[in-house]
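This briefing sets out selected features of the structure shown below, grouped by topic.

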Amino acid sequence: MSDTQVAALDHTIQQTNLWLKKLEDEHHFAERHQAYNALRAVLQALRDQLTAEQALHLSAQLPILVRRIYFEGWRLGTERDDARNAEEFMNHVAEHLPPQFPRDPKATAEAVFDLLWKELDPGLTTKLIDGLPASFRSLWPAIARR
């Protein structure tokens, strides 16, 4: 773990590492860097599907460091990508993944959505999921779609 001697920074580094470790352990990513790339790609693809208000509400639940990853490259006021179905969303995830990423975008999205469901407030996350197009709600864990 890091020791920046700034409690908020040490906490967010620890939280981020725990999230990445959970992706590695629970979803069998080969290394931490793959887990990071998966988290980054899916969060940014999801962010691009949301309204600015939805994106901001989601960001408020993220650890500070993950929030920075989530907002990287985002421009307030840009038009949403508005994927109409799961396949279009998978294309957005693939665009954010590095070339030759060892996992398909669907499995990557499902892993990250599972992590988000476990780590974020269930009520707020359910509200977010309900606001997504029905065609890619199925990428979230079944318990999250009830």
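In this predicted model, helix α2 is largely enclosed by the rest of the structure, because 12 of its 16 residues are buried. The buried residues of α2 pack against α1 (7–27), α3 (52–59), α4 (64–71), α5 (86–96), α6 and α7 (122–130).

**Helix α2**
- The buried positions of α2 are Q34, A35, N37, A38, L39, A41, V42, L43, Q44, A45, L46 and R47.
- With 16 residues at 1.5 Å a residue, α2 should span 22 Å, and this agrees with the 22 Å between its end C-alpha atoms.

**Packing of α2 with α6**
- The axes of α2 (residues 32–47) and α6 (residues 105–119) are 9 Å apart, and the two helices pack at an angle of about 85 degrees.
- Angles from 65 to 115 degrees count as roughly perpendicular, and α2 and α6 are therefore roughly perpendicular to each other.
- On the α2 side the contact is made by A38, L39, V42, L43 and L46, and on the α6 side by T108, A109, V112, F113, L115 and L116.
- Classified by residue type, this contact of α2 with α6 has 10 nonpolar residues, 1 polar residue and no charged residues.

**Nonpolar core**
- The largest nonpolar core has 40 residues, of which L39, L46, F89, F113, L116 and W140 touch the most other members.
- At least two residues of this core come from each of α1, α2, α3, α4, α5, α6 and α7.
- The helix that gives the most to this core is α2, with 8 residues.
- In soluble globular proteins, nonpolar side chains tend to be buried together.
- Beyond its neighbours within four places in sequence, F89 is in contact with A45, L46, Q49, A83, A109, F113, F136 and L139.

**H92 in α5**
- H92 lies in helix α5, and its relative accessibility of 14% means that H92 counts as buried.
- Although H92 and D48 are 44 residues apart in sequence, their C-alpha atoms are 8.7 Å apart in space.

**Loop residues with positive phi**
- Most residues other than glycine have a negative phi.
- H28, which is not a glycine, has a positive phi of about 60 degrees.
- H28 is found in the loop between α1 and α2, and at 62% relative accessibility H28 counts as exposed.
- Q100, which is not a glycine, has a positive phi of about 60 degrees.
- Q100 is found in the loop between α5 and α6, and at 75% relative accessibility Q100 counts as exposed.

Key. Residues are numbered from 1 along each chain as its sequence is written. This is a predicted model: local features need pLDDT of at least 70, side-chain atom pairs count only at pLDDT 80 or more; totals for chains, interfaces and linings use all residues. Side-chain values use heavy atoms; hydrogens and water are left out. Axes are lines fitted to C-alpha atoms, for helices over the stretch in contact, and angles run from 0 to 180 degrees between N-to-C directions. Helices (H or I, at least four residues) and strands (E, at least two) are DSSP runs, numbered from the N terminus. Angles under 35 degrees count as roughly parallel, over 145 as roughly antiparallel, 65 to 115 as roughly perpendicular and the rest as oblique. Contact means heavy atoms within 4.5 Å. Ala, Val, Leu, Ile, Met, Phe, Trp, Tyr, Cys and Pro count as nonpolar, Asp, Glu, Lys and Arg as charged, and the others, Gly among them, as polar. The expected span of a helix is 1.5 Å times one less than its number of residues. Buried means under 20% relative accessible area, exposed over 50%, partly exposed in between (1.4 Å probe, protein chains only). A nonpolar core is a set of buried Ala, Val, Leu, Ile, Met, Phe, Trp, Tyr and Cys residues joined through side-chain atoms within 4.5 Å.
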